[in-house]
Amino acid sequence: MSGFFKSSIGRKVTMALSAFFLMFFLLQHFAINILSVFSPDTFNEVSHFMGTNPLIQYALQPVLLFGVIYHFVMGFILEFKNRSARVVSYAKNNGGANSTWVSRNMIYSGLFILIFLIIHFMDFWIPEINTKYIVGDMSGLHNGSFRYFHELQEKFVPIWRVALYCLGFVFLALHLLHGFNSAFQSVGANNKYTNGLKGFGKAYAILIPLGFIVIALFHHFNH
C-alpha cells in the first residue's frame, strides 16, 4: 500500500482526493459567507457556531490545514515531475496544440492562489486565532453584539483589498476549470456520467468564485 502512495498514480489519486476535500470546504465556506449578504444575524450565529464548536476547531480545522498544505505541496511536486517528463515529448509534439492554456499554467494559478490564501489567513484566520486563543475572548461579541459581520465588512472597505480578492477568485476559477475534471479523471471517473460531471465542474468553477466576488463587492458598496 505504501508503494501505491509513492507511485505517480498514487500521488495523482491523493492529489485528487485532497482537491475534492478542498472543493467541498470551499462550497461550505461560500454557503456561510453568502449569508452575510442576505441575513447578517444568521451569518453571525453560524460564524459563532463554527468558530467555537470544539469538533470543528480541534478536529476538522487541523484536517483542513493539512489538506491545504498537502494539496499545494503535492501539486508543485507533480508539476515539477510533469515538466521534467515533457521535455522530450515537447521536442516531438506541439504541447500547446494538445492542451489548454489553463492546464499548461496550473502552476502559476496555483502559486497566485497560494499567495492569496496567505493574505486571506492574515486577514481573517490569524486575527481570529489571536482573539480566541491568545486574548482569550471566545464570546464573539463586540459592544454587546456579534462582531463577525462588522469585521467582514471592515475588511472590504479598502478598494485595493477588494480588487485583490476579486483577482484571486478569477485565478481560482481558472484553476478549478481544469482541476475539477482532472481530479475526476485521476480517480477513474470515466463513464456515462462524464459529460454531466464536466458540466457540473464548469458551473462550480464559475459560479462559486463569482459568488465570492459578489460578496466582496456587496460589502464594499454597502458599508
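Colleague: Which residues have the most contacts inside the largest nonpolar core?

Modeller: This is a predicted model, and its largest nonpolar core has 35 residues. The residues with the most contacts inside that core are Leu-26, Phe-169, Leu-176, Tyr-204 and Phe-212.

Colleague: Which element gives the largest share of this core?

Modeller: Two or more residues each come from α2 (8–33), α5 (54–92), α7 (106–134), α8 (148–155), α9 (159–186) and α10. The largest share is 9 residues, and the element that supplies it is α9.

Colleague: How many helices and strands does the chain have?

Modeller: From the N terminus, the order of elements is α-α-α-α-α-α-α-β-β-α-α-α. The count for the chain is 10 helices and 2 strands.

Colleague: What percentage of the residues in the chain is buried?

Modeller: A residue counts as buried when its relative accessible area is under 20%. The chain has 223 residues, and the buried part of them is 38%.

Colleague: What share of the contacts with a separation of 6 or more joins residues 24 or more positions apart?

Modeller: The contacts considered here are those in the chain with a separation of 6 or more. Among these, residues 24 or more positions apart account for 77%.

Colleague: At what angle do the axes of α2 and α10 cross?

Modeller: The crossing of α2 past α10 is left-handed. The two axes come within 10 Å, and their crossing angle is roughly 35°.

Colleague: How many nonpolar, polar and charged residues does the contact of α2 with α10 have?

Modeller: On the α2 side are Met-23, Phe-24, Leu-26, Leu-27, His-29, Phe-30 and Asn-33. They meet Tyr-204, Ile-208, Gly-211, Phe-212 and Ile-215 in α10. By class, this contact has 9 nonpolar, 3 polar and no charged residues.

Colleague: Which residues does Tyr-204 contact, leaving aside neighbours within four places in sequence?

Modeller: Tyr-204 is one of the residues with the most contacts inside the largest nonpolar core, and in α10 it is one of the residues met by α2. Its contacts beyond those neighbours are Met-23, Phe-24, Leu-26, Leu-27, Leu-176, Phe-180 and Pro-209.

Colleague: Is His-219 buried or exposed?

Modeller: His-219 sits in helix α10 (residues 194–221). Apart from neighbours within four places in sequence, it contacts Ser-36, Phe-149, Leu-152, Gln-153 and Phe-156. Because its relative accessible area is 0%, His-219 is buried.

Colleague: How far apart are the C-alpha atoms of Phe-21 and Leu-64?

Modeller: Phe-21 lies in helix α2, and at 31% relative accessibility it counts as partly exposed. Not counting residues up to four places away in sequence, Phe-21 touches Val-63 and Leu-64. Phe-21 and Leu-64 are 43 residues apart along the chain, and their C-alpha atoms are separated by 8.3 Å.

Colleague: Why does Met-50 count as partly exposed?

Modeller: Met-50 is placed in helix α4 (residues 40–52). Leaving aside neighbours within four places in sequence, Met-50 is in contact with Gln-28, Ile-32, Ile-56 and Gln-57. Buried means under 20% and exposed means over 50%, with partly exposed in between. Met-50 counts as partly exposed because its relative accessibility is 23%.

Methods
Residues numbered from 1 in each chain as written. Predicted model: local features only at pLDDT ≥ 70, side-chain atom pairs only at ≥ 80, totals over all residues. Heavy atoms only, no water. Helix = DSSP H or I, 4+ residues; strand = E, 2+ residues; numbered from the N terminus. Buried < 20%, exposed > 50% of the residue type's maximum accessible area, 1.4 Å probe, protein only. Contact = heavy atoms within 4.5 Å. Core = buried A, V, L, I, M, F, W, Y, C linked by side-chain atoms within 4.5 Å. Axes fitted to C-alpha atoms, helices over the stretch in contact; angles between N-to-C directions. Left-handed = near helix turned anticlockwise from the far one by under 90°. Nonpolar A, V, L, I, M, F, W, Y, C, P; charged D, E, K, R; others polar.
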